[in-house]
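Have your viewer ready and try each task before reading on.

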Amino acid sequence: MRLVLFDIDGTLVPGASSESRFARYLWRRGALGLRGVGAYLWFCIRYLPRFGRHVLQKNKAYLSGHRRRDIETLARDFVADVVAPALYAPAVERLRAHQAAGDHVVLLSGTPQFLADALAQWLEADAALGALCEARADRFTAGPPVRHPYGATKIDAARTLAAAANLPLSQAIAFGDSINDTYLFHEVGEAVAVQPDRRLSEAAYGAGWEVLFDRADRA
């Protein structure tokens, strides 16, 4: 048995990020209004000096005031209605193959935990670890996430997952799409670049990592 780590956005979910799609989903469902948009914009102004170019990835303020259980319910509906039909088939096939082989499959992503959990449930993955949005008294706040596995911080998250599963990270397999995933790729035994961006593609060929495209992509 090996630990297998799958990124979500760009790896299992092609195109726009799952979180941006979820925000639009909330808007269409009437669950996101001008108050949430205002909180999102204020976060950008307030935290730009702290987070710089990463401020949008850290911004979960549109959730402020919502009850966690309501958002979790909407997230499950969103994954079933929007995400599941759009999953990248070659990546899902690899995930299924690892499940069939008895590997410990975990989704590891910077997307919010409620979205990672909903997708993990849909895919029957063993676990998920995503961004933990700040909440008080069961309601989300406009503050930065308490945990955000992104770039180099994915390494600490992966170590935690490996320890919990009692499986060595040095023998794990990681799937990702971005140059930011190379931090984790250097820590595992096997790395797979899924529809990689240009910089990851160059790094993958240089390091001898597998690059996953489907036939339509290669044509």
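## Exercise 1: A threonine in a strand

Thr111 sits in strand β2. Please keep in mind throughout that the model is predicted.

**Task.** Decide whether Thr111 is buried or exposed, and find what its side chain makes a polar contact with.

**Solution.** 
- Step 1. Start with accessibility: a residue is buried when its relative accessible area is under 20%. Thr111 has 2% relative accessibility, so Thr111 counts as buried.
- Step 2. Now look for a polar partner. The side chain of Thr111 makes a polar contact with the side chain of Ser18, at 2.9 Å.
- Step 3. Finally, collect the contacts, leaving aside neighbours within four places in sequence. Thr111 is then in contact with Ile8, Asp9, Ser18, Glu19, Ala116, Gly130 and Ala131.

## Exercise 2: A lysine in a loop

**Task.** Locate Lys60 between its two flanking helices, and work out which backbone oxygen its side chain reaches.

**Solution.** 
- Step 1. Lys60 belongs to the loop between α3 and α4.
- Step 2. Apply the cut-off of under 20% for buried residues. The relative accessible area of Lys60 is 2%, so Lys60 is buried.
- Step 3. Follow the side chain: at 2.9 Å, that of Lys60 meets the backbone oxygen of Gln57.
- Step 4. List what else Lys60 touches, not counting residues up to four places away in sequence: Glu19, Gly110, Pro112, Ala131, Cys133, Thr141 and Pro145. Among these, Glu19 and Ala131 are also in contact with Thr111.

## Exercise 3: Helix α6 and its surroundings

**Task.** Find how many residues of α6 are buried, and which elements those residues pack against.

**Solution.** 
- Step 1. Of the eleven residues of α6, eight are buried, and the helix is mostly covered.
- Step 2. The buried ones are Gln113, Phe114, Leu115, Ala116, Ala118, Leu119, Ala120 and Leu123.
- Step 3. These residues pack against the helices α1, α4 and α5, and against the strands β2, β3 and β5.
- Step 4. Take Leu115 as an example from this helix. With 4% relative accessibility, Leu115 counts as buried. Leaving aside neighbours within four places in sequence, Leu115 is in contact with Ser18, Glu19, Phe22, Ala75, Phe78 and Val79.
- Step 5. Check the end of the helix: just after α6, Glu124 takes a positive phi of about 60°.

## Exercise 4: Two pockets

**Task.** Give the volumes of the largest pocket and the second largest pocket, then describe their linings by class.

**Solution.** 
- Step 1. The largest pocket has a volume of about 570 Å³. Its lining holds 30 residues, and those closest to the centre are Asp9, Ser17, Glu19, Gln57 and Gly110.
- Step 2. Assign the lining to elements: α1, α2, α3 and β2 each supply at least two residues to the lining of the largest pocket.
- Step 3. By class, the lining of the largest pocket has nine nonpolar, 14 polar and seven charged residues.
- Step 4. For the second largest pocket, the volume is about 170 Å³. Its lining has six nonpolar, two polar and four charged residues.
- Step 5. The largest share of this second lining, five residues, comes from α6, while α4 also supplies at least two.
- Step 6. One of the residues lining the second largest pocket is Arg76, which lies in helix α4. Arg76 has a relative accessible area of 41%, so Arg76 is partly exposed. Apart from neighbours within four places in sequence, Arg76 is in contact with Ala118 and Gln121, and both of those residues line the second largest pocket as well.

## Exercise 5: The protein as a whole

**Task.** Compare the radius of gyration of the protein with that of a compact globule, and find what share of the residues is buried.

**Solution.** 
- Step 1. Count the elements: the protein has ten helices and eight strands.
- Step 2. For 219 residues, a compact globule would have a radius of gyration near 17 Å; the protein has 17 Å, so the two agree.
- Step 3. Along the principal axes, the C-alpha trace spans about 45 × 40 × 35 Å.
- Step 4. Buried residues make up 51% of the 219 residues.
- Step 5. Turn to the contacts with a separation of 6 or more: residues 24 or more positions apart account for 60% of them.

Terms used: Residues are numbered from 1 along each chain as its sequence is written. This is a predicted model: local features need pLDDT of at least 70, side-chain atom pairs count only at pLDDT 80 or more; totals for chains, interfaces and linings use all residues. Side-chain values use heavy atoms; hydrogens and water are left out. On a 1 Å grid over the protein atoms alone, a cavity is a set of points where a 1.4 Å probe fits but cannot get out, and a pocket is an open set with protein on both sides within 12 Å along at least five of seven lines; lining residues have an atom within 4 Å of a point. Grid points are joined across faces, edges and corners, and a volume is the space filled by probe spheres set on the points. Helices (H or I, at least four residues) and strands (E, at least two) are DSSP runs, numbered from the N terminus. Ala, Val, Leu, Ile, Met, Phe, Trp, Tyr, Cys and Pro count as nonpolar, Asp, Glu, Lys and Arg as charged, and the others, Gly among them, as polar. Buried means under 20% relative accessible area, exposed over 50%, partly exposed in between (1.4 Å probe, protein chains only). Contact means heavy atoms within 4.5 Å. A polar contact is a pair of N or O atoms within 3.5 Å; within protein, one must be able to donate a hydrogen and the other to accept it, and residues adjacent in sequence count only if both atoms are side-chain atoms. The radius of gyration is taken over C-alpha atoms; the globule rule is 2.2 Å times the number of residues to the power 0.38.
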